[in-house]
Amino acid sequence: MADIQGTYDDLFSAVPNKLAALLDEGDVGGSVAVFVDGEPVVDVWGGFADAGRAAPWERDTITNVFSTTKTMTALCALILADRGELDLDAPVARYWPEFAAAGKEKVLVRHLLSHTAGLPHWEGPVEELYDWPAATARLAAQPLVWEPGTAAGYHSLTQGFLVGEVLRRITGRTVGEFLAQEVTGPLGADFHIGLAAEHDHRVALTVPPPGRDEDYTAGAATPGPDAKPSSGTALRVRDGNSVAWRRAQIPAAGGFGNARSVALVQSALACEGTVRGVRLLSAAGAERARDEQFSGEDRVIGMTQRYGLGYGLFGATFGWGGWGGSLVMIDPDARMVVAYATDQMREPAEDTRGLDLVMSAYDGLQGLRR
């Protein structure tokens, strides 16, 4: 069995055992964390931080969690809303006047968070993702695909720029700066949007699925049979592994962290807004994340989805996952968060790793609550 490092409560031993099984099946490396009441009951890692399997995955190894990053950006927006600085029912153009172009004056802030704004596809070159003014100017000029609020379609890359520019107009700070100063800094959480060069040595680059190379694209990740063909630019593994990607502010998909940091931050939403004595939100502000905004078929993914404010809704739980397998699941009723970060991609249709780890965590929770 693969060697697993870290600590865990014996009641939750199914979680590290599952991580070991994934590594034994061929995964390169990864980390898993389960937090209950804002404290870790599982904090484990194993495997390797490179495709050549020469560098071990360490306690402070970080990796690109792709769209799990969206939960960090959403949390920043919910914090501003909770403070009364951001009105979720306001037109986006109240904060970002240029956005009203091309018939978008009726798009509300809540539409951005719930993938119902009608701007699902990134249609510019990949290189423009690294240029915030150019990227946001492109989106401000772009026409809608549907009337806002009437349909949903996963805004895989665009959501971060849309929400992020609203935050920047209000605070004068990038999402990465706001997150660092208001969230990860106070909590001591090792998560970054816009990664400084000093951290590069800790990064586990993404490994494509078996049999694929670095030209493997996110377009190959469409799981649903009814998904519409995308007019958007395809993102490749090599793009996500580039220095330019790490340095840029890509708040929908460019966050770097590990399971511990993701679980720690998102515990604020599992614990009525407060984690480790740091209050990020009021209890009502935390609960707002799972206010259902849409339920039905997602036009981009081609499957039924329920969306809250920045999070996918799954029964009484909420969270989201990223291209390649990373995931965070939040259960406020159990005051539990489960997070998984990995450098090993699998084909999306065959990837149940995150869900399997979540179910393993619930096995431990039952024992804890007895």
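**Helices H2 and H6**

The crossing of H2 and H6 is left-handed. Left-handed means that the near helix is turned anticlockwise from the far one by less than a right angle; clockwise would be right-handed. On the H2 side I listed Lys70, Thr73, Cys76, Ala77 and Leu80 as making the contact. H6 contributes Gln159, Val163, Leu167, Ile170 and Thr171. Contact means heavy atoms within 4.5 Å.

I noted the source: this is a predicted model, in which local features need pLDDT of at least 70 and side-chain atom pairs count only at pLDDT 80 or more, while totals for chains, interfaces and linings use all residues. Residues are numbered from 1 along each chain as its sequence is written, and side-chain values use heavy atoms, with hydrogens and water left out.

**H6 by itself**

Helices (H or I, at least four residues) and strands (E, at least two) are DSSP runs, numbered from the N terminus. I checked the length of H6, residues 158–171. Its 14 residues should span 20 Å at 1.5 Å a residue, and the end C-alpha atoms are 20 Å apart, so the two agree. The expected span is 1.5 Å times one less than the number of residues.

How many of the residues of H6 are buried? Ten of the 14 are, and the helix is mostly covered. Buried means under 20% relative accessible area, exposed over 50%, and partly exposed in between (1.4 Å probe, protein chains only). The buried residues include Phe161, Leu162, Val163, Val166 and Leu167, and also Glu165. I found helices H2, H3, H4, H5 and H7 among what covers them. Gly172 follows H6 and has a positive phi near 75°.

**Arg110 in H4**

I then turned to Arg110, which lies in H4 (residues 109–113). Arg110 counts as buried because its relative accessible area is 19%. Its side chain makes a polar contact with the side chain of Asp89, at 2.6 Å. A polar contact is a pair of N or O atoms within 3.5 Å; within protein, one must be able to donate a hydrogen and the other to accept it, and residues adjacent in sequence count only if both atoms are side-chain atoms. Leaving aside neighbours within four places in sequence, Arg110 is in contact with Leu88, Asp89, Gln293 and Leu309.

**Strand E15**

I found seven of the seven residues of E15 (336–342) buried. Met336, Val338, Tyr340 and Thr342 are on one side, with Val337, Ala339 and Ala341 on the other. E15 pairs with E2 (29–36) in the antiparallel sense over seven bridges, and Phe35 stands opposite Val337. Strands pair if DSSP finds at least two bridges between them. E14 (327–331) is also antiparallel to E15, over five bridges. There Val328 stands opposite Ala339.

**Positive phi**

Most residues other than glycine have a negative phi. I noted Arg335, with a positive phi near 55°, in the hairpin of E14 and E15, which has four residues between the strands. Arg53 has a positive phi near 55° and sits in the loop between E3 and E4. I logged Arg53 as partly exposed, because its relative accessible area is 37%. Glu272 has a positive phi of about 60°, in the loop between H10 and E8.
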